[in-house]
Amino acid sequence: MSETNLAHGNREVRQQVGTSFQPADEQRRSPQVQAEVERIGKANTYFALDRDTELFDWLDDQRDAKLCGYVTSATGSGLLKACQLYRTQYVKRRGTLLEIPATVIYAEIEQHGSPTDLYCSILEEIGHPLANVGALRDLRSRAWGTLKPYGVKLLVIGNADYLTLEAFNELIDVFTKLRIPIILVGTYYLSENILERKSLPYVRVHDSFLESYEFPNLTEQEIIEVVDDWEAKFLPENGRLNLTQINSVVSYLQLKSAGLIEPLYDLLRKIAILKLDEPNFELNQANLTMKFGRRKKPKVTFKNKG
């Protein structure tokens, strides 16, 4: 179809639809159901389990012994949210500023993980008014001059996979000169493809982070706890799905989430919205498999703890 014919065709479609055009979802749902769908779609939470307590104990030990280390997990495990929760146990906020003493600083790295990105992330977390002002030298001086007065005893770096070699060396200098232990947090790529690199420039990085911890995936019992918590938080009491009372559904959730909490939350939102759209839909493994069969399982690296 020529451009002229295409434009003419589009005008005809607009004339046929007229002013009654609405998004497909709004056409097939009542306003009340659509509002509920949007609320569930925004549902965002994190449920702390025994695995979080065990991680926090390890982080405490690293802090007390002034030892650097790293924590790894599969993507979607909830590890970054767990680290945020750990920080809140030690540090309070007053507006955008951290209250002093700020025993634990948790900063997440964004691409491309340069030294400048690193210090900007740390200063932003602290709430420094000049977090993004100046050259690297200024940012370094500002960050170092803030960490000590704030009483920081542990610096946790999320998304450490993104860090460049130069940024890793900056962190090592923070440890060696300020004696603040650094904990790197990332996926298995961090340990297998960065810290284990054979190239000579990475020897210093490898030897500076010898302590490790693996954040585990959810067990079946933990999946049940997470699902019950999610339903209690986001579904009205008279609208609970009671998914954990259906064995085949628990098995489906464990299989399709691979024991990862974020994919599990994704599935819970999808199932809750499905039941809003199809109230008579029978929840069982076969029906869910048929309904969500195109959804892939997460790729998870399984490791045996020694």
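This is a predicted model: local features need pLDDT of at least 70, side-chain atom pairs count only at pLDDT 80 or more; totals for chains, interfaces and linings use all residues.
**Entry 1: a residue to start with**

Residues are numbered from 1 along each chain as its sequence is written, and side-chain values use heavy atoms, with hydrogens and water left out.

**Entry 2: confidence**

I checked the pLDDT, which is the predictor's confidence in each residue, from 0 to 100. The protein chain has a mean pLDDT of 90, and 89% of its residues reach 70 or more. Over residues 16–21, however, the pLDDT is below 50, and this stretch has zero contacts in the model beyond near neighbours in sequence, where contact means heavy atoms within 4.5 Å.

**Entry 3: helix α11**

I then turned to helix α11, which covers residues 220–234; helices (H or I, at least four residues) and strands (E, at least two) are DSSP runs, numbered from the N terminus.

The buried residues of α11 are Glu-222, Ile-223, Val-226, Val-227, Asp-229, Trp-230, Glu-231 and Phe-234, and they pack against α3, α4, α12 (247–257) and α13.

**Entry 4: aromatic pairs**

Searching the whole structure for aromatic pairs gave four. Rings of Phe, Tyr and Trp (its six-membered ring) pair if their centres lie within 6.5 Å, and planes under 30 degrees apart count as stacked, over 60 as edge-to-face and the rest as tilted.

Phe-56 and Tyr-86 form a tilted pair, at 5.2 Å centre to centre and with 45 degrees between the planes. Phe-56 lies in helix α4 and Tyr-86 in helix α5 (residues 79–88), so this pair ties together parts that are 30 residues apart in sequence. Phe-56 is buried at 6% relative accessible area, and Tyr-86 also counts as buried, at 1%.

Trp-230 and Phe-234 form a tilted pair as well, with 5.5 Å between centres and 45 degrees between planes. Both lie in helix α11, four residues apart, which is about one turn of the helix. I noted the general rule that an α-helix has 3.6 residues a turn, so residues three or four places apart point the same way. Trp-230 counts as buried, at 2% relative accessibility.

Ring pairs also link Phe-56, Tyr-86 and Tyr-90 into a cluster.

**Entry 5: salt bridges**

How many salt bridges does the structure hold? I found 13 of them, a salt bridge being a side-chain nitrogen of Lys or Arg within 4 Å of a carboxyl oxygen of Asp or Glu. In general, side chains of opposite charge can pair when their charged atoms come close.

Asp-277 and Arg-29 form one of these bridges, their closest N and O atoms being 2.7 Å apart. This pair links distant parts of the chain, 248 residues apart, with Asp-277 in helix α13 (residues 261–277) and Arg-29 in the loop between α2 (24–28) and α3 (31–41). Asp-277 is partly exposed, at 28% relative accessible area, whereas Arg-29 is buried, at 10%.

Arg-63 and Asp-60 meet in another salt bridge, at 3.2 Å from N to O. They are three residues apart in helix α4 (residues 50–65), so about one helical turn separates them, and both are buried.

Glu-170 and Arg-140 also form a salt bridge, with 2.8 Å between the closest N and O atoms. Glu-170 lies in helix α8 (residues 165–178) and Arg-140 in helix α7 (residues 136–147), so the pair ties together parts that are 30 residues apart in sequence. Glu-170 is buried, at 9% relative accessible area, while Arg-140 is partly exposed, at 26%.

**Entry 6: Val-300**

Which residues is Val-300 in contact with, leaving aside its neighbours within four places in sequence? I listed Ala-74, Asn-217, Ala-258 and Leu-260. Val-300 is found in the segment after α14 (285–291) and is buried, with a relative accessible area of 17%.

Conventions:
Buried means under 20% relative accessible area, exposed over 50%, partly exposed in between (1.4 Å probe, protein chains only). The expected span of a helix is 1.5 Å times one less than its number of residues.
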